[in-house]
Amino acid sequence: MVSPTALSFCLLSLHSQISNLQTQLGVLLGQLHNESSGSKVDRFSDQVLRVAISVDKLVNSLSSISDNAPASGNGMSRVEEDFSEAGESEDQEEAPGVKVFNTGELHQYISPKLNRPSGKKNFLGVEAISPSVGLTCAHMATNIKRFMSYKMYGVCPDDWDLAQKLITGGCDPLPRRRCLSRASPDYNKPFPVNSSLWGQPSDANILWSHYKCKDYSCLVSNETRDRRGFFKCADCFDLSKRGWEIPSTESVSAEFTIDQVLALKPGEIRIGLDFSPTTGTFAALMKERNVTIASATLNLGAPFNEVIALRGLLPLYLSIGSRLPFFDNTLDIIHSTLFLDGWIGKELLQFVLFDWDRALRPKGLLWVDRFFCPKEVMKLYLDEFASLSYKKLLWKVVPKTDKDGDELFFSAVLEKPIRR
């Protein structure tokens, strides 16, 4: 017996497939109208045959659902899909019902892309490439339509803030676009590698239009602290503050030094990930120690990703809801600071930690740096970290002194076990 929920998803999938086939047939009919030579008409006929085969598969799928669908009557649910596009508010994008991608460039993007020659499998073993798009995009119809409204082959709109709003709302991955990326009109070549790591980037290399600060000095000035547009890492744009090198008094410090952590695995830490609100300072310090770190962050009110890249480091523009773009058991270290803290729910934390576990290699290090939350819920979080059954190499729980003792810092370096 097919459950109402499963039936709902099946119907949505079939609706999308039918819509795609209608689009393909429309394109083919347009081609037939414009073709005159016999060979081209033959090719058209072959394509129509492929669409007909796909329709046959849909018919079989519909028959299967019909055979297994719940009968109407007492105790049985009747599933009704709403394919209308409800309005969206600025603060709450998600609307009841299911949205269908059925307009313009977005529809072209999600349609399967057949290989050449038609019907042949490629080296990946598939006959067509089906582009990926985040499930929640379907519930953000107005903004995703805005994002996909552009002049094809023209310069892309200056709308990274809209893209990030979609990403943080769960529309991740975003669809690709067929437009040319926009940059600052005064863009200069970046500083040489020997001076870019700790040198202040040039204002000319950042497109400032959607930031509260309009130059780099604003990002580091104490006079603009309350109106700079970011807060999660108050001093991270000040590249003179290197961090992780000289902790405060040992008895109250929530930090470990980089050298202290690397000494746990001499010569073994080579590649890793920093998942933090960051401008790349952790990655820069690790680079000086011959460790390659990718820095995953969003542009939280300021040009975090631009600055990471201008320093000659690797930025990953990635939300906390995304699966890490790394293969299993490949990273030597994952570090996170001032990002995972008391705002995160238990279930989301579980999905994050298990994905980090997937990407970490056996005997790799998970460095949880200054996780903070109220005292009364600290045990809840500690239990989640403990559930991974990692070996505790370094461990601290100390008061967070700027909150009248109501919050605690938790820092740890944990070693992933070998599981067979």
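I began with Leu-273, which touches Ile-293, Ala-294, Ala-296, Leu-316, Leu-324, Phe-326, Leu-331, Ile-333, Ile-334 and His-335, leaving aside residues up to four places away in sequence. This is a predicted model, so I keep its confidence scores in mind further down.

**Entry 1: the cores.** Where does Leu-273 belong? I found Leu-273 among the residues with the most contacts inside the largest nonpolar core, together with Phe-275, Leu-340, Trp-356 and Leu-366. That core has 33 residues. Next I looked up which elements give two or more residues to this core: they are strands S3 (271–275), S4 (292–297), S6 (331–337), S7 (360–374) and S9 (407–415), plus helices H11 (346–359) and H12 (378–386). I then noted a second, separate core of 20 residues, which includes Phe-256, Ile-269, Leu-285 and Leu-365.

**Entry 2: confidence.** I checked the pLDDT along the protein chain and found an average of 82, with 73% of the residues scoring at least 70. For residues 69–99 I read a pLDDT below 50. Beyond near neighbours in sequence, that stretch has 49 contacts in the model.

**Entry 3: a nonpolar patch.** On the surface I looked at a nonpolar patch formed by Phe-123, Leu-124, Val-126 and Ile-129. Together they have about 420 Å² of accessible area. I picked out Val-126, in the loop between strand S1 (113–114) and strand S2 (128–129). Val-126 counts as partly exposed because its relative accessibility is 31%.

**Entry 4: helix H5.** Which residues of H5 (160–168) are buried? I listed Leu-162, Ala-163, Gln-164, Leu-166 and Ile-167. Their cover includes helix H4 (141–147) and strand S5 (314–317). Just after H5, I noticed that Gly-170 takes a positive phi of about 105°.

**Entry 5: a buried arginine.** Is Arg-228 buried or exposed? Arg-228 counts as buried because its relative accessibility is 2%. I located Arg-228 in the loop between helix H7 (216–220) and helix H8 (258–262). Not counting residues up to four places away in sequence, Arg-228 touches Lys-212, Cys-213, Cys-218, Leu-219, Val-220, Ser-221, Ala-234 and Gly-301. I also looked up Lys-214: Arg-228 and Lys-214 are 14 residues apart in sequence, and their C-alpha atoms are 9.4 Å apart in space.

Entry 6: As background, most residues other than glycine have a negative phi, and most peptide bonds are trans. With that in mind, I went looking for exceptions.

- I found a cis peptide bond joining Asp-172 and Pro-173, with omega about 15°. Pro-173 sits in the loop between H5 and helix H6 (193–196).
- Asn-329 is not a glycine, yet I read a positive phi of about 55° for it. I placed Asn-329 in the loop between S5 and S6, and at 41% relative accessibility Asn-329 counts as partly exposed.
- Arg-370 also has a positive phi, about 60°, although it is not a glycine. I traced Arg-370 to strand S7. Arg-370 counts as buried because its relative accessibility is 16%, and the cut-off for buried is under 20%.

Definitions and conventions: Residues numbered from 1 in each chain as written. Predicted model: local features only at pLDDT ≥ 70, side-chain atom pairs only at ≥ 80, totals over all residues. Heavy atoms only, no water. Core = buried A, V, L, I, M, F, W, Y, C linked by side-chain atoms within 4.5 Å. Buried < 20%, exposed > 50% of the residue type's maximum accessible area, 1.4 Å probe, protein only. Helix = DSSP H or I, 4+ residues; strand = E, 2+ residues; numbered from the N terminus. Contact = heavy atoms within 4.5 Å. Patch = residues over 30% accessible without salt bridge, like charges linked within 9 Å, V, L, I, M, F, W, Y side chains within 5 Å. Areas by Shrake-Rupley, 256 points an atom, 1.4 Å probe, with all protein chains shown as cover. Salt bridge = Lys/Arg side-chain N within 4 Å of Asp/Glu carboxyl O. pLDDT = per-residue confidence, 0-100.
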